[in-house]
Structure formats: structure tokens, C-alpha cells
Amino acid sequence: MTARILEKEGAIKASKELVFENIAVEGYEQVIKISNKKTKLNAIIAIHNTKLGMALGGIRIQPYKTFNDALMDVLRLSKGMTYKSAIAGVGFGGGKSVIIADPKTAKTEELLLSFGEAVEALNGRYICAEDMGCTVDDVMTIRRVTKYVTGLPSDKSSGDPGRFTAWGIYRGMQSALKKIYGQESVKGRKVAIQGLGNVGLHMLEYLFWQGADLILSDIDEEKAKKMALKYGAKCVTPSEIYKVECDIFSPCAIGGILNDETIPQLRCKAVVGCANNQLLKEDHGKMLKNKKILYAPDFVVNAGGLFNVSAEVLKDGYNPIAPRDQTDRVFDGLIAIYEIADKNNISTNEAAIQLADYRIQYGIGKRQETPYFPNI
Ligand code: NAD
């Protein structure tokens with residue numbers, strides 16, 4: 001995918017220092033480079049598609065090596081959000097943002113506030129939330145200058161989406177087991193988890209108490225060892241995790257990890273995890289199919305957090321019951337996708353994309369009520 005930077009074309013300015021530059025990318029409604037020399041903000045907001053509602057997606061803060069790396073990431077992630085929202089039926093479109101900065105050293109209050117100013121200037125076309133490198137405290141800082149923020153803390157609203165995402169992954173694992181063995185129970189099933197972060201740790205709890213046999217890996221090997229002790233699990237190195245013979249391999253760390261190099265190593269029956277953009281290329285979905293590995297499309301199985309933040313913008317206020325029930329039904333959504341894939345002899349990823357495209361084309365699940373952003 002190539003993108004052409006149209007310098008200063010159509011540039012708008014929210015404040016003197018904040019500069020917007022449109023980047024023309026085919027297939028995307030709007031991609032904007034945002035910079036502020038004073039606060040050292042260097043960010044991109046990508047709005048992929050708003051046919052079903054305003055674009056919603058997290059803010060990823062990462063020290064990308066090049067601007068183009070950041071651009072490619074935000075494009076892939078925002079498109080994924082369009083598909084995720086379309087399948088989930090939450091009445092949002094797809095968007096995402098990246099701030100090019102090291103979240104450990106360069107995430108200042110001024111930087112976050114100037115990013116918030118940019119979100120505010122878009123007047124609700126893009127609604128932000130947390131993502132990697134961006135915490136609940138950070139979105140609260142951004143919330144000081146714009147109301148177009150979700151993922152607010154639990155004393156104010158929906159709180160950490162991780163437990164919802166994790167429950168959706170757990171239900172996704174059950175759907176895969178049901179499809180493969182005719183029984184959904186995880187008891188005695190081998191589950192190999194890559195990445196023990198926010199989602200991974202919630203998932204561990206669910207799996208442990210339901211009797212799964214766990215194999216763990218994290219680049220933070222100390223953390224992996226600690227968790228292995230806590231959950232009676234086996235621990236392997238980050239490179240060994242792909243080769244583990246298991247029922248389910250669960251990628252819960254980074255994207256692009258299902259590729260030409262890793263797929264031949266896999267000895268699992270299914271892949272079910274929360275990481276976004278797990279397939280490096282769409283064709284890798286076919287490669288998994290050819291290896292008879294059942295793949296739960298990431299943007300379907302990891303929608304729990306999206307259900308949860310979507311419940312924030314209701315007039316009656318946040319209530320976790322509806323998103324809990326929606327997350328639980330991830331099981332049924334996946335069973336339907338496995339069936340579509342089987343009937344049409346296509347990969348599960350292609351089936352999910354076709355379903356999402358159909359819903360977007362016919363406006364199925366289009367938002368009827370304007371999102372309500374409470375005063376906090
Ligand atoms: P996190 O940052 O809390 O955790 C990621 C974990 O993965 C960390 O422990 C990190 O050390 C580990 N890790 C990083 N690279 C690794 C590698 N190569 N091998 C093994 N471990 C590695 O993130 P999270 O909130 O748990 O989210 C995990 C993934 O799921 C991300 O890709 C995120 O975009 C996606 N996701 C998260 C949510 C959510 O609700 N948090 C929702 C949808 C999708």
C-alpha cells in the first residue's frame with residue numbers, strides 16, 4: 001500500500017501550533033498527519049469508513065522507527081476497526097490513531113493535550129480510546145480538552161476493557177473446541193498463550209478455573225515464570241511458543257505473527273487470540289486453512305472491549321450487563337463464520353470479511369441514536 005503526503009493541502013489549524021496535513025490514501029475516508037512542534041506531537045489519525053457510524057478506535061503510542069511504519073500500522077488498524085464494528089453491530093465506523101513517541105519516556109501532559117485538541121477539531125468524526133502505550137489515565141488527560149473519548153475509568157464509566165476482551169477470547173476458544181471436538185469445554189485442553197498482558201492475564205484466570213492445561217510465553221520472561229508458578233503452567237521461550245503441540249494457540253501480544261515463517265511451525269488445531277491483525281497478509285488465512293488449523297478471525301473474537309466501550313455512550317449511562325451478554329455471543333458469531341467458510345470453501349478470515357462488507361454495503365447495524373458523551 002502506498003500513501004502520498006499532500007503537504008499542507010486542505011490544512012486546518014485548531015490552534016496556532018497544531019498543524020493538520022491530509023494524506024491521500026485510496027479506500028480511506030480521511031488520513032491526517034498532526035503535528036505540534038511545541039509539544040513534540042507527531043501523530044496520525046486514520047478514518048477508514050464511517051458508513052455505519054462515527055469512527056471509533058484506540059490511540060497507540062509507540063516509538064515507530066519511521067513515519068511510514070506508523071502510517072502502515074494506523075491504516076491496518078483502522079480498517080480492522082471498520083470490520084470489527086461492522087460484525088459487532090455497535091453502530092460505529094473504523095478509525096485509529098498513532099502517536100509516534102516512546103510511551104515510557106516521551107508521553108507528556110502537553111503532548112496528550114495537544115493530541116486531544118486535534119480530536120476535538122475533528123468534531124466527533126473520530127472517537128478515541130486506549131490502546132497499546134495509552135492508559136486510562138492518559139485518556140482522562142485527553143478528556144480534559146475533548147468529549148470524544150471512550151474507555152473512561154471504572155469509577156466514572158466502563159473502565160478497563162481487558163476483562164471483556166478476555167471473556168470474548170475465552171468464548172472464542174470454546175467455539176473452536178465445539179467445532180473441532182463437538183464439545184466446548186476447555187477442561188484438559190492444551191492452550192498455549194503468547195503475551196501475558198492485560199488481556200492475557202484475565203484470560204489465564206478464566207482458563208485456570210475451568211481446568212485448561214496452560215503453556216505460557218512472554219518477552220518478559222520473568223513475568224512468564226511468575227505466572228507459570230501461579231497457574232501451574234509450563235513456560236516456554238518466545239520463539240518456542242509457535243512449536244508447542246496444543247489444541248489452541250492464543251496470540252495475545254502483537255500483530256503480524258501468523259506469517260510464512262511461523263505458520264509452518266504451528267502444531268495447534270486452532271488459533272484464537274486477542275492481538276489485532278494477527279495475519280501478516282490476508283493470504284495467511286488460506287495458509288492456515290490448508291494446514292487444517294481453525295482460525296478465529298481476530299476482529300470477530302476480540303470485540304469484547306468494543307462492546308464495553310460502546311455501552312459508554314448511551315443516554316442512560318454505562319451498565320455492564322448488555323456488553324457482557326454481547327461478548328458472550330461471540331461464541332455464536334464465530335460458529336456462524338465457521339459455517340459460512342465451510343459452505344463456500346473459503347478461509348474463516350475471508351468469510352468474516354465478506355460478512356462485514358455485506359453489513360457495510362447494506363447499512364446493517366447502522367447507528368440510529370447519536371452517541372451521548374456524559375459530563376464527567
Ligand atoms: P499489553 O500491552 O497489556 O500486553 C502485551 C503483552 O505481550 C505484554 O506482557 C508484553 O510483554 C507481551 N509481548 C509483547 N511482544 C511479545 C512477543 N513478541 N512475544 C511474547 N510476548 C510479547 O496488551 P493487551 O491490552 O493485553 O493487548 C494485547 C493485544 O490485544 C494487543 O495487540 C492489543 O492491540 C489487542 N487487543 C487488546 C484489547 C484490550 O481490550 N486490551 C482489545 C482488542 C485487541
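A residue counts as buried when its relative accessible area is under 20%, exposed when over 50%, and partly exposed in between (1.4 Å probe, protein chains only). Strands (E, at least two residues) and helices (H or I, at least four) are DSSP runs, numbered from the N terminus. In this predicted model, 6 of the 7 residues of strand 3 (residues 30–36) are buried, so strand 3 is largely enclosed by the rest of the structure.

What joins strand 3 to strand 2 (residues 18–24)? The answer is 5 bridges, and the two strands run antiparallel. Two strands pair if DSSP finds at least two bridges between them. Phe 20 stands opposite Ile 34 in strand 3. The two strands form a hairpin with 5 residues between them. In its turn, Gly 27 has a positive phi of about 90 degrees.

Strand 3 is also joined to strand 4 (residues 41–49), by 7 bridges, again antiparallel. Here Ile 32 has Ile 45 of strand 4 as its bridge partner. This hairpin has 4 residues between its strands. Lys 40 in the turn has a positive phi of about 65 degrees.

Six strands form an open sheet with parallel pairing, in the order 10-9-8-11-12-13. Strand 10 (234–235) and strand 13 (294–295) are the edges; each pairs on one side only. Strand 12 (residues 267–271) pairs with strand 13 over 2 bridges, in the parallel sense. Val 271 stands opposite Tyr 295 in strand 13.

Helix 6 (residues 221–231) packs on the sheet. Helix 6 touches strand 9 (213–217) and strand 10, where contact means heavy atoms within 4.5 Å. Its direction makes about 170 degrees with that of strand 9. Axes are lines fitted to C-alpha atoms, for helices over the stretch in contact, and angles run from 0 to 180 degrees between N-to-C directions.

## Around the ligand

A polar side-chain atom of Thr 165 lies 2.7 Å from a ligand oxygen atom. A polar backbone atom of Ala 253 is 2.9 Å from an oxygen atom of the ligand.

## About the model

Residues are numbered from 1 along each chain as its sequence is written. Local features need pLDDT of at least 70, side-chain atom pairs count only at pLDDT 80 or more, totals for chains, interfaces and linings use all residues, and side-chain values use heavy atoms, with hydrogens and water left out.

How values were computed
Polar contact = N/O pair within 3.5 Å; in protein donor to acceptor, adjacent residues only side chain to side chain.
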